[in-house]
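Thanks for coming, everyone. Please look at the screen, and I'll walk you through one chain.

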Amino acid sequence: MWAQAKCASCREAALVPPARRIMQQNAPFGKCARRAESPCPTRFPTRRSPSSPSFPVLAGLVGLALGSFATCAGHRLAHGGSVLSPARSYCPACGHTLSWRENIPLLGWLLLLGKCRHCGAPIPARYPLTELASGAFAVAAAHVFGFTPHLAVALAFATLCLVLSLIDLQTYLLPDALTLPGAALALA
Ligand SMILES: [Zn+2]
């Protein structure tokens, strides 16, 4: 005889056979008696585990690239520039356009030993640190959300926060043009 019980994870009512009632009481987090072999469909409605083990690596690379974009955007917006123009990154001291090697997130700064190859001006350590933080966050977010729209929202919000932090660090200002869309994104 089937009985009315509650899912151990989502707490929703579920009809379970008597043989499964004990199993349900001891069900691990994320398991639902209605679908004992898969994650609870109510608790994790959209989560999908990526099949490839390279997914966290790919997420980390995307995070590094987003961190590189955040450093560039943060510097340009703090100095009244445009995010889109010029398209290529450049040294703020001498205007030298960076090559693709110099533009590699994290590695570029290490290869240049923290200095512009052209004029020798120091490149602030906050650049590689921002890229590293963004990459680490992307790996963690990929682990938590999987390959879902939530991951894209989390990465976009984190990148926006990084840009705002960098602008705040240099100007002590937070532009409304970024904070208002950020508030909307936070509610998404
Ligand atoms: Zn330079």
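This is a predicted model: local features need pLDDT of at least 70, side-chain atom pairs count only at pLDDT 80 or more; totals for chains, interfaces and linings use all residues.

Leu113 is not a glycine, yet its phi is positive, about 55 degrees. Is Leu113 buried or exposed? Count the C-beta neighbours inside 10 Å: there are 9, so Leu113 counts as exposed. The cut-off for exposed is 12 or fewer.

Now the overall picture. The chain has 6 helices and 4 strands. Along the sequence, the pattern reads β-β-α-β-β-α-α-α-α-α. There are 188 residues, and 23% of them are buried.

How far does the predictor trust its own model? The average pLDDT of the chain is 80. A score of at least 70 is reached by 73% of the residues. Where is confidence lowest, and where is it highest? The lowest is strand S3, residues 31–32, with a mean of 46. The highest is H4, at 95. Also note residues 16–33, where the pLDDT is below 50. That stretch still has 38 contacts in the model, beyond near neighbours in sequence.

Let's go to H4, then. Helix H4 covers residues 126–145, which is 20 residues. From first C-alpha to last, H4 reaches 27 Å. After H4 comes Gly146, with a positive phi near 70 degrees.

Which residues of H4 are buried? The list is Tyr127, Pro128, Thr130, Glu131, Ser134, Gly135, Phe137, Ala138, Ala141 and Ala142. Look at how those numbers are spaced. An α-helix has 3.6 residues a turn, so residues three or four places apart point the same way. And what do the buried residues of H4 pack against? They pack against helix H2 (55–78), helix H3 (107–111) and helix H5 (149–171).

Pick out Ala138. Leaving aside neighbours within four places in sequence, Ala138 is in contact with Ala59, Gly60, Val62, Gly63 and Leu155.

That takes us to the core. The largest nonpolar core has 18 residues. Inside this core, the residues with the most contacts are Ala70, Ala138, Ala141, Leu155 and Val163. Which elements give two or more residues to this core? They are H2, H4 and H5. H5 supplies the largest share, 8 residues.

On to H2 and H5 as a pair. Their axes are 8 Å apart, and they pack at an angle of about 35 degrees. The crossing of H2 past H5 is right-handed. On the H2 side, the residues that meet H5 include Leu66, Phe69, Ala70, Ala73 and Leu77. On the H5 side, the residues that meet H2 include Leu155, Leu162, Val163, Leu166 and Ile167.

H2 has 24 residues, which should span 34 Å at 1.5 Å a residue. Its end C-alpha atoms are 34 Å apart, so the span agrees. Gly80 follows H2, with a positive phi near 75 degrees.

Next, the loop between H2 and H3. Pro86 lies in this loop. A cis peptide bond joins Ser85 and Pro86, with omega about -5 degrees. Leu106 is in the loop between H2 and H3 too. Leu106 has a positive phi, near 70 degrees, in a residue other than glycine. Leu106 counts as partly exposed, because 18 C-beta neighbours lie inside 10 Å.

Last stop, back in the loop between H3 and H4: here we find Cys116. Cys116 is partly exposed, with 18 other C-beta atoms within 10 Å. Buried would take 20 or more. How many residues apart in sequence are Cys116 and Cys91? They are 25 residues apart in sequence, and 6.9 Å apart in space, C-alpha to C-alpha. Set aside residues up to four places away in sequence, and Cys116 touches Cys91, Ala93, Cys94, His96, Ala121 and Ile123.

That's my tour. Over to you for questions.

Definitions and conventions. Residues are numbered from 1 along each chain as its sequence is written. The expected span of a helix is 1.5 Å times one less than its number of residues. Two residues are in contact if their C-beta atoms, placed from the backbone, lie within 7 Å. A nonpolar core is a set of buried Ala, Val, Leu, Ile, Met, Phe, Trp, Tyr and Cys residues joined through C-beta atoms within 7 Å. pLDDT is the predictor's confidence in each residue, from 0 to 100. Axes are lines fitted to C-alpha atoms, for helices over the stretch in contact, and angles run from 0 to 180 degrees between N-to-C directions. A crossing is left-handed if the near helix is turned anticlockwise from the far one by less than a right angle, and right-handed if clockwise.
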